[in-house]
Amino acid sequence: MKLYWCPQSRAITALWMMEETGIPYERELIDIRAGSQSTPEYAAINPMMKVPALEDGPVKVAETGAVLAYVAERVPEAQLAPPVGDPKRGDYLRWLFFGPMIEAAFTQKVTGLDLASSTAGWGSYDRVIDVLEVGVKDGPWLLGERFSAADVMIGSSLHFGMMFKLIEPRPAFAGYVERCAARPAFQRSQAMGNA
Ligand SMILES: N[C@@H](CCC(=O)N[C@@H](CS)C(=O)NCC(=O)O)C(=O)O
């Protein structure tokens, strides 16, 4: 598998995921600050011309949640996804695809966008934050004792949100992000991603 990525970008989430699998993979730098994403060659991999994106033989995957879902299934031995039929599968998928809700909530907070919660797909900033708190407070992971790709998605978003003070440091968030940050794969991805 080849991960298209760039330091100091959302691609660090996918990098963390690749590191969690423990398998070898290639990395190709797309320097988004130099405009390397805006080429017809890269648009053929991700039509949105953003990082991350993944290539696996003839398969091309873009969007962080999709990359994580793909990798979790591609490397079943890493046990980063409850299999089909597992009672935890529903919660796993819900959290795996919850990343864009958090992003929308952060955007609402930063811009002060005033939108009825019945109209906004994410409800409201407060609703997203409260639901997240319930999700992470018991721990150690979203699915209990089992770490999964969903933690990579939510852990990354909460780490980012705490770093940039987009969420209040509630004890449940601080504890969860601390547990994520203690993982060697997280630390390797941060070291590469912030180099
Ligand atoms: N929805 C995308 C967002 C990816 C994204 O926004 N990537 C930014 C870097 S943080 C990017 O590639 N920006 C370059 C550009 O838009 O030109 C995902 O979740 O993967």
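Trainee: In which hand does α7 pass α8?
Mentor: Keep in mind that this is a predicted model. Helix α7 covers residues 149–163 and helix α8 covers residues 171–181. Their axes lie 9 Å apart, and the crossing of α7 past α8 is left-handed.

Trainee: At what angle do helix α7 and helix α8 pack?
Mentor: On the α7 side, the residues in contact include Ile154, Leu158 and Met162, and they meet residues of α8, among them Phe173, Val177 and Cys180. By class, this contact has eight nonpolar, two polar and one charged residues. The packing angle is about 115°.

Trainee: Which residues in α7 does α4 meet?
Mentor: Helix α4 spans residues 89–96, and its axis comes within 8 Å of the α7 axis at a crossing of roughly 30°. That crossing is left-handed. From α4, Tyr92, Trp95 and Leu96 take part, and in α7 they meet Ala149, Ala150, Met153 and Ile154.

Trainee: How many residues of the contact of α4 with α7 are nonpolar, polar and charged?
Mentor: Tyr92, Trp95 and Leu96 are on the α4 side, with Ala149, Ala150, Met153 and Ile154 on the α7 side. Sorted by class, they give seven nonpolar, no polar and no charged.

Trainee: Is cysteine 180 buried or exposed?
Mentor: Cys180 is one of the α8 residues that meet α7. Buried means under 20% relative accessible area. Cysteine 180 has 1% relative accessibility, so it counts as buried.

Trainee: How many disulfides does a search of the whole structure find?
Mentor: A disulfide is a covalent bond between the sulfur atoms of two cysteines. Cysteine 6 is buried, with a relative accessible area of 1%. For disulfides, the search of the whole structure finds zero.

Note on methods: Residues numbered from 1 in each chain as written. Predicted model: local features only at pLDDT ≥ 70, side-chain atom pairs only at ≥ 80, totals over all residues. Heavy atoms only, no water. Disulfide = S-S within 2.5 Å. Buried < 20%, exposed > 50% of the residue type's maximum accessible area, 1.4 Å probe, protein only. Axes fitted to C-alpha atoms, helices over the stretch in contact; angles between N-to-C directions. Helix = DSSP H or I, 4+ residues; strand = E, 2+ residues; numbered from the N terminus. Left-handed = near helix turned anticlockwise from the far one by under 90°. Contact = heavy atoms within 4.5 Å. Nonpolar A, V, L, I, M, F, W, Y, C, P; charged D, E, K, R; others polar.
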